[in-house]
Amino acid sequence: DFQPFFAVSWVLTWFAHSIDEPRLLLRLYDFFLTSHPLMALYFSTALVLHDRDEILAKRSELSSMHGIMNGLSAKITGKSIESIVIE
């Protein structure tokens with residue numbers, strides 16, 4: 001049983017805890033502020049679903065899953081934001 005603790009900081013800080021690039025972070029903030037109030041949660045869900053094949057291909061042990069899930073936010077780029085939002 002895997003709990004979604006990896007995503008708590010994503011939603012609470014709007015990814016500020018995970019993204020070091022200010023320009024990218026501000027782009028996400030613009031998106032969240034001009035969208036539905038739960039958009040940070042929706043985006044987090046879409047981020048996981050975007051990489052679902054990679055996630056499902058890994059072992060389902062807590063330590064490996066936690067590492068994979070924490071690494072998802074490191075993959076965020078301007079183009080990935082657009083592709084996730086479009087999906």
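Between which two helices does the loop that holds Asp51 lie? Asp51 is placed in the loop between helix 3 and helix 4, where helices are DSSP runs of H or I with at least four residues, numbered from the N terminus. The model is predicted, so local features need pLDDT of at least 70 and side-chain atom pairs count only at pLDDT 80 or more, while totals for chains, interfaces and linings use all residues. Residues are numbered from 1 along each chain as its sequence is written, and side-chain values use heavy atoms, with hydrogens and water left out.

- Asp51 is buried, with a relative accessible area of 13%, where buried means under 20%, exposed over 50% and partly exposed in between, for a 1.4 Å probe and protein chains only.
- Leaving aside residues up to four places away in sequence, Asp51 touches Leu72 and Lys75, a contact being heavy atoms within 4.5 Å.
- Pro37, in the loop between helix 2 and helix 3, is exposed, with a relative accessible area of 73%.
- The C-alpha atom of Pro37 is separated by 17 Å from that of Ala7, and the two residues are 30 residues apart along the chain.

**The nonpolar core**

- The largest nonpolar core has 21 residues, and Phe15, Ile19, Leu28, Phe32, Phe43, Leu47 and Ile76 have the most contacts inside it; such a core is a set of buried Ala, Val, Leu, Ile, Met, Phe, Trp, Tyr and Cys residues joined through side-chain atoms within 4.5 Å.
- At least two residues of this core come from each of helix 2 (22-33), helix 3 (39-50), helix 5 (62-72) and helix 6 (78-86), and the largest share, five residues, is supplied by helix 2.
- Not counting residues up to four places away in sequence, the residues that Phe15 touches include Trp10, Leu25, Ala40, Ser44 and Ser73.

**Helix 5**

- Ser64, Met65, Ile68, Met69 and Leu72 are buried in helix 5.
- Seen down the axis of helix 5, these buried residues fall within an arc of 125 degrees, so they line one face of the helix; the arc is that of the directions from the helix axis to the C-beta atoms.
- Leu62 and Ser63, on the other side of helix 5, are exposed.
- Helix 1 (8-13), helix 3 and helix 4 (52-57) are among what covers the buried residues of helix 5.

**Helix 3 against helix 6**

- Phe43, Ala46, Leu47 and His50 in helix 3 meet Ile81, Ser83, Ile84 and Val85 in helix 6.
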